[in-house]
Amino acid sequence: NFIIGYPKGCFMKLLIILFLSVSVLFSNEYYSKVAPYEIRELSSNVSGIVVFSDEDMLGKVLSSKPFIQVDNELDVQELADVEKKIIILNDSVTINRNILSNLKKIIEKKKQNYEAIKNLKVKSKVQKDTEFYALVSSQNLMLSTQKEINSLNAQIADLQLRDAQLNKSINDKSISAKGLTLYSLAVKEGQVVNIATPLAKVADVSKALLTIYLDAKDVTNIKDKIIYINGKKTEYKISRLLHIADSKSISKYEAQIIIKPPKIFSQLVKIELKNKDEK
């Protein structure tokens with residue numbers, strides 16, 4: 001129960017005090033892996049067969065050209081048919097509107113004729129009724145034409161919705177991420193994907209991110225701290241700070257520093273937070 005002349009309990013207390021002293025001394029030193037500014041996971045919005053998956057682009061910056069293509073042949077064919085139908089229906093609406101315009105002129109003329117004879121005693125009841133029926137018939141034809149126009153417009157609206165759906169489906173089946181780096185591919189040519197199937201991960205490497213978990217004492221006046229990385233003074237500041245303690249690192253507060261991108265990511269760096277009067 002004795003270690004080098006000290007009771008075992010006293011020795012343990014000394015170790016704890018020594019550990020706490022070291023922790024206090026070096027508590028403003030942190031280590032972080034240099035990570036891409038953002039890593040996004042791309043998932044499928046559609047179902048279909050993958051007809052192209054460009055593995056050659058792994059680790060490279062992507063252009064606007066798709067690096068994953070899901071089969072869209074039927075969508076393209078249907079879209080062409082829908083666009084033709086919309087053109088035909090629009091032409092029909094134009095024709096019916098011209099008919100409607102002519103009918104309105106005819107009705108106006110027939111209305112004048114009927115008004116001119118309806119009170120004349122020299123005109124028989126048969127003649128007056130004939131003019132009236134001709135007027136009503138033209139009015140009914142005008143209403144029927146207007147009804148046809150409304151029906152055509154409803155069909156056009158349905159087709160325009162389908163057109164938008166097909167365009168979105170075609171667009172969603174061509175996966176691109178201009179300016180981002182292809183981090184990983186989750187699908188291969190010939191694979192069937194469904195909605196929410198993971199497709200790839202892409203990374204924004206235009207900037208880099210350091211994540212550290214601060215002690216409570218370092219959170220105070222954090223904006224005034226000078227940040228040293230691998231012993232070198234920098235102009236960087238804490239970019240983001242979570243003022244709620246981390247759920248895993250108890251009593252620690254997550255902070256992030258946005259820095260310029262390195263040539264090689266994932267390296268471990270030492271981060272020191274110092275006051276202005278410290279060297």
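Residues are numbered from 1 along each chain as its sequence is written, and side-chain values use heavy atoms, with hydrogens and water left out. Because the model is predicted, local features need pLDDT of at least 70 and side-chain atom pairs count only at pLDDT 80 or more, while totals for chains, interfaces and linings use all residues.

Student: Which strand gives the most to the nonpolar patch?
Tutor: The patch covers about 320 Å² of surface and is made by I49, V51, F52 and V192. Patch residues have over 30% relative accessible area and no salt bridge, and nonpolar side chains are joined within 5 Å, with areas taken from the Shrake-Rupley method with a 1.4 Å probe. Strands are DSSP runs of E, at least two residues long, numbered from the N terminus, and the one that gives the most, with three residues, is β5 (residues 48-53).

Student: Why does V192 count as exposed?
Tutor: V192 lies in strand β9 (residues 192-193). Exposed means over 50% relative accessible area, buried means under 20%, and partly exposed is in between. V192 counts as exposed because its relative accessibility is 54%.

Student: How far from E272 is the nearest side chain of opposite charge?
Tutor: E272 lies in strand β15 (residues 268-274), where E272 is buried and has no salt bridge, a salt bridge being a side-chain nitrogen of Lys or Arg within 4 Å of a carboxyl oxygen of Asp or Glu. Contacts, meaning heavy atoms within 4.5 Å, link E272 to residues including N28, I226 and Y228, not counting residues up to four places away in sequence. The nearest side chain of opposite charge belongs to K270, at 4.0 Å.

Student: Which are the edge strands of the open sheet of four strands?
Tutor: Strands of a sheet pair through backbone hydrogen bonds, either parallel or antiparallel; here two strands pair if DSSP finds at least two bridges between them. The order is β3-β15-β11-β12, with antiparallel pairing, and two bridges join β11 (residues 226-229) to β12. Each edge strand pairs on one side only, and the two are β3 (29-33) and β12 (232-233).

Student: In β14, which residue is the bridge partner of I212?
Tutor: Strand β10 (residues 198-214) pairs with β4 (residues 35-43) in the antiparallel sense over eight bridges, and four bridges join β8 (residues 181-185) to β10. Strand β10 also pairs with β14 (residues 253-259), over seven bridges in the antiparallel sense. In β14, the bridge partner of I212 is A255.

Conventions
Patches are made of residues with over 30% relative accessible area and no salt bridge: like charges are joined within 9 Å, nonpolar side chains (Val, Leu, Ile, Met, Phe, Trp, Tyr) within 5 Å. Buried means under 20% relative accessible area, exposed over 50%, partly exposed in between (1.4 Å probe, protein chains only). Lys and Arg count as positive and Asp and Glu as negative; His and the chain ends are not counted.
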